[in-house]
Amino acid sequence: MDSWDSRNLPISLHQEKLVHAIKANAFLVVTGETGSGKTTQLPQYLYQAGFGKNGKIGVTQPRRVAAITVAQRVSHEVGCSLGKEVGYQVRFDDCSSEDTVIKYMTDGCLLREILADPSLRQYSVVILDEVHERSLNTDILLGLLKRKVFHPQGSSPGRSTSLKVVVMSATLETAKLSEFLGHCPVFTIPGRTFPVAETFCSLIGPKDTDSSVYVKEVVKVALDLHTGEMTGDILVFLTGQSEIEKACDMLYEKAEAIDYRYDVHDHSVEGLLILPLYGSMPTDQQRQIFQPPPKGVRKCVVATNIAATSLTINGIRYIVDSGFVKQLNHNSRVGLDILEVVPISKSEAQQRAGRAGRTTAGKCFRIYSKEFWEKCMPEYTVPEIQRTSLTSVILTLKCLGVHDVIRFPYLDCPEERFILAALKQLYQCDAIDRRGHVTRLGKLMVEFPLPPGITRALLKGASLGCEDLLLPVAAMLSVENIFIRPGQQDKQQDAEREHRKLITKSGSCNDFTVLLSVFEKCRASDSPSTWCRDHWIHWRAMKSAFNVETQLREILLRLKKQNDFPRETFDGSRSELFRRCLCSGYFANVARRAVGRTFCTMDGHGSVVHIHPSSALFDQEAELDWIIFHDVLVTSRVYVRTVCPIRYDWVKDLLPKLHEVDAYELSSVAREEVTDEEVTRWEAKEAAKRQSDESAEEA
Ligand code: ADP
Ligand code: MG
């Protein structure tokens, strides 16, 4: 039996009023403290009020774990098996059926559904949850739903009743949201919170941004707390999987765990139950998080930001805040999006602290100094739309017929240069033409829930009939890292040795081929899970890769049935064919060897990069000339990962595309002021200019 009862949640007093307000308005903003029952209860209220009869009740979440966990919880409360009346859908994992009425999904999934069904005929109500997180996809959905409701351009075929939109937010910004949505009403769920005493421990100053420092400090504070404070569970905020695992390892060790085994995640030692919580964790392990600890035992959850608002764990009385978060940011130094560890904002720190005061007075220990708070932490978190690449969403918008992407109703406008960069990238991979219109290729690309580079490479492969080389690679790049990196030194050496063997066996010095080879070898083996264990490969990640590959293959098969699917031929070696396909996707990520072991990128940024030590090409830089890479990791150096050697010849014709078009041209087109004649005239002018340049060169 759970230690809490859904009838006692703050939201339960307002069931009728809430349902009424939703019936009476096209848009409603709902706000209330985290843990008041918005996510788990409101969809059930709507279900009980009959909303499910005219369509589904869709609930979006920015995080995939939240969508899955909450759906599990609600199916349990409703008393159905998951995937029946209550289900979920996240990228590459659909656990919903025809019977599903309450559907939890990621915001990215709903965006894809809008592509297939712009009027969202399947839904009677859409709930955008966690809007305060300001994820890119949720922001885009807000704009799209606003446009849809206020300017329903034409009719909505097949819609019997009007769609209701509920926007839920934990805090703040509700006035801004209401104003954005035509001054719609705001429903506030009153809630009571208890005071949280906040302490700055001054262990981290403005210069200590190295993860090894803050991981050690949170562990120390958590242990002090365990030995010095009264009963109550602990919630530690860290940044990501590897730091969390490191911290848990240290906690087990310090608490003198005897039975240490690599793959065991929970230990109850001397009254401390240590539980990690991060996005890519298996869901059965996540479920443990919510269970109350045995009597006399204190629970210590070490989590990412997911525990700040998306998931509420009951019984938390103490917070240990590292002050950092992992965030995807556009890095102008290298011109790419990079996952970085950055200080959290002050508002985020307050949110974290608040998790300790839900049911009784609590305490929050910040491991950083007041000086760090003042000098390093911004007031608010910058919305994702203002700090990451917009390429995929702009292609989606264009495919939805939003041609003028600059004047789209954004809650907060992205900087124009980000929109321009996205347009430029879309143009470079032939997804849009010079006038900013989606090309045939762009329409194919948007069908894949993958980043543009690998999608382009995959489609190139498919047009050449070698998708069997590209599909596994695309799948492997979509799952978590398959290579196990154990924390213990001796095991680490074992793992590295096995990984090196795999690289040698793949018969080629190219990280993409290594991925392909691991995929094929594992799939062909008699017992794939044993194969994984022997080679220090994550079996769980491999299983997802197999599943993702199947799904991508299905999408491709569907598209290939279209008459105008591009076909090309090529006669050369398999290895060249493979690498040429990669070039057509990644030619913006091309680098040429500079001095020593460094490379210089060719995209106009001219950044100096190094090959990451995990690469098959590490230590062989001297033999290389041109390379392409999948992504970048910035520490004290800029590293490129998943690297492939190429020949200049293969990208020679593509490289001018990186510079030939001025993004402003694409955007002025985006403002819909350019006619076909103007483009023809412009192209003629360009041709003339090229000719005169050429004759000048000859002379
Ligand atoms: P809100 O969306 O307002 O933040 P939720 O609906 O997520 O609130 O949570 C309401 C209550 O349900 C909280 O007490 C939370 O701990 C509990 N809860 C949510 N998910 C689970 C779960 N998977 N297992 C047990 N309790 C849960
Ligand atoms: Mg919620």
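Figure 1. The structure shown here and in the views below is a predicted model. The barrel runs β18-β19-β20-β22-β21, and its pairing is mixed. From one strand to the next, the twist averages 50°. His610 stands opposite Tyr639 in β22.

**Figure 2. An open sheet of 8 strands.** The strands follow the order β4-β3-β5-β2-β6-β7-β1-β8, and the pairing is mixed. At the edges stand β4 (93–95) and β8 (186–189); each has a single partner strand, so one side of each is left without a neighbour in the sheet. Neighbouring strands of this sheet are turned against each other by 20° on average, with direction ignored.

Figure 3. Strand β2 (residues 56–61) pairs with strand β5 (residues 102–106) in the parallel sense, over 5 bridges. Gln61 stands opposite Thr106 in β5. In general, the strands of a sheet pair through backbone hydrogen bonds, either parallel or antiparallel.

**Figure 4. Helices α2 and α3 on the sheet.** Helix α2 lies across β1 (27–32), β2, β5, β6 (123–128) and β7 (164–169), and runs at about 170° to β2. Helix α3 also packs on the sheet, where it touches β2, β3 (86–90) and β5. The direction of α3 makes about 170° with that of β3.

**Figure 5. The contact between α2 and α3.** Two packed helices are described by the angle between their axes and the distance between the axes. For α2 and α3 the angle is about 45°, and the axes are 10 Å apart. That angle makes α2 oblique to α3. The crossing in which α2 passes α3 is right-handed. On the α2 side, the contact is made by Thr39, Thr40, Pro43 and Gln44; on the α3 side, by Val70, Arg73, Val74, Glu77 and Val78. Sorted by class, the residues of this contact are 4 nonpolar, 3 polar and 2 charged.

**Figure 6. Helix α15 against helix α21.** The axes of α15 (residues 452–463) and α21 (residues 574–586) come within 7 Å, and they cross at roughly 140°. The two helices are therefore oblique to each other. The crossing in which α15 passes α21 is right-handed. Helix α15 contributes Gly453, Ile454, Arg456, Ala457, Lys460 and Gly461 to the contact, while α21 contributes Cys581, Leu582, Ser584, Gly585 and Tyr586. These residues divide into 5 nonpolar, 4 polar and 2 charged.

**Figure 7. Helix α15 against helix α16.** The axes of α15 and α16 (residues 467–478) come within 8 Å and cross at roughly 160°. That makes α15 roughly antiparallel to α16. Their crossing is left-handed. From α15, the contact takes in Ile454, Ala457, Leu458, Gly461 and Ala462; from α16, it takes in Glu467, Leu469, Leu470, Leu471, Ala474 and Leu477. By class, the contact has 9 nonpolar, 1 polar and 1 charged residues. Ile454, Ala457 and Gly461 of α15 are part of this contact and also of the contact with α21.

Note on methods
Residues numbered from 1 in each chain as written. Chains lettered and ligands numbered in written order. Predicted model: local features only at pLDDT ≥ 70, side-chain atom pairs only at ≥ 80, totals over all residues. Axes fitted to C-alpha atoms, helices over the stretch in contact; angles between N-to-C directions. Helix = DSSP H or I, 4+ residues; strand = E, 2+ residues; numbered from the N terminus. Parallel < 35°, antiparallel > 145°, perpendicular 65-115°, else oblique. Left-handed = near helix turned anticlockwise from the far one by under 90°. Contact = placed C-beta atoms within 7 Å. Nonpolar A, V, L, I, M, F, W, Y, C, P; charged D, E, K, R; others polar. Pairing = 2+ DSSP bridges.
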